[in-house]
Every structure is written in C-alpha cells, then in structure tokens.
Amino acid sequence: MKNIVLTGYMASGKTTIGSALANNMGYRFIDVDKLIVEHEKKTINDIFDSMGEKYFREIETQVIEKISDTENAVIATGGGVVLKKINMDTLRKNGIIFFIDTPIDAIIKRLSRSNTGRPLVDNVGAEQIRERYERRQKYYNNYDYRIETQNKTLGMIINEIKNTYTQAVDKLGKD
C-alpha cells in the first residue's frame with residue numbers, strides 16, 4: 001500500500017498526527033527529522049549552526065530517497081521538505097501527500113514557547129514566522145489532499161485522513 005505523507009509548516013501537528021495515525025492503522029511511523037538527527041548524530045539546531053541550512057536540505061533529500069520505497073508507512077516530513085521539488089516527486093512515487101493545514105495563529109502560539117529547538121524560529125518574532133509561512137504557502141500547495149485542523153480533535157483528523165486515503169487508494173486501484 002502507498003504511504004501516507006504529511007506535509008505542513010513547522011508545528012502544524014505532523015508528528016503528533018502521524019504517530020497517532022500510524023498506530024491506529026498498524027502502519028510504520030517515520031519522522032524524517034528524527035532520521036536526520038540519528039544519521040547526523042546532532043540536533044537539527046546543531047546541524048543548522050555548524051553546517052547550514054543548505055547542508056541540512058541535502059541530507060533531508062538523501063533521507064527521503066532512502067525511505068521512498070517503504071510501504072505501509074505514515075511519513076511526517078519536516079516543514080521545509082516542500083521547498084525542493086525533487087523531495088515531493090520522490091515522496092509521491094509511493095505515497096499520497098496530505099497537507100496538514102493548521103492556521104498560522106495556532107502555529108505561532110505553539111512556537112511562542114521559548115527555545116523550541118527549531119532553527120528557523122528561535123529568537124524570531126511572530127511577524128517573521130508569519131512572513132516565512134506566507135512565502136512557503138505556494139510550496140505547501142503541492143499536495144494531493146488538504147486536511148484542515150481548525151476546530152477538529154486529533155481523532156477527527158485521523159478519521160478524515162484514513163477515509164480520504166482509503167478512497168484515494170481505491171481510486172488508484174480502479175485506474
């Protein structure tokens with residue numbers, strides 16, 4: 001079966017949703033950022049600080065290439081995975097892309113905690129987070145299905161993704 005790939009801005013809930021969804025469906029859960037940390041033996045902040053964002057994005061692409069042939073997995077991507085078309089093309093080969101659409105105000109509230117461990121938001125204000133979110137919006141539109149999270153429980157979101165995924169897989173089988 002095809003993978004379920006979750007994209008969205010940082011702190012949109014990809015890891016929380018992905019882990020719960022994988023558990024619910026009996027699928028493997030893969031967190032791309034966690035794999036990068038394990039591969040590099042450094043935190044994402046340390047990677048950004050010592051090697052830069054460009055290096056991080058190269059490692060991210062390598063990790064995505066490695067996991068792209070996996071089946072029956074829920075894959076939570078990092079917030080910037082959408083910036084490289086090759087990442088999305090690779091993930092789509094064996095996956096269905098779901099954009100986790102969380103309102104920016106909810107994201108800012110989540111990120112407002114001090115020292116989030118996220119290299120592109122620590123020590124920046126809400127306006128800078130909002131601007132980056134808006135700049136990336138066109139990249140997030142590269143999805144197969146959009147899941148709005150506002151006013152929904154985790155269970156509701158999981159059910160919506162499962163139902164949409166089942167219909168998509170059924171449709172692919174008929175094509």
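A salt bridge is a side-chain nitrogen of Lys or Arg within 4 Å of a carboxyl oxygen of Asp or Glu. You're looking at a predicted model, where local features need pLDDT of at least 70, side-chain atom pairs count only at pLDDT 80 or more, and totals for chains, interfaces and linings use all residues. Residues are numbered from 1 along each chain as its sequence is written, and side-chain values use heavy atoms, with hydrogens and water left out.

**Stop one: Arg57 and Glu60.** Select this pair and you'll find a salt bridge, 3.1 Å from N to O. Both sit in helix α4, three residues apart, about one turn of the helix (helices are DSSP runs of H or I, at least four residues; strands are runs of E, at least two; both are numbered from the N terminus). Why do residues three or four places apart point the same way? An α-helix has 3.6 residues a turn, so they do. Arg57 is buried at 10% relative accessible area, and Glu60 is buried at 0% (buried is under 20%, exposed over 50%, partly exposed in between, with a 1.4 Å probe and protein chains only).

**Stop two: Asp144 and Arg92.** Here's another salt bridge, with the closest N and O atoms 3.1 Å apart. This one links distant parts of the chain, 52 residues apart: Asp144 is in the loop between α7 (126-140) and β5 (145-148), while Arg92 is in helix α5 (residues 85-93). Asp144 is partly exposed at 31%.

**Stop three: Lys152 and Glu160.** Their salt bridge has its closest N and O atoms 2.6 Å apart.
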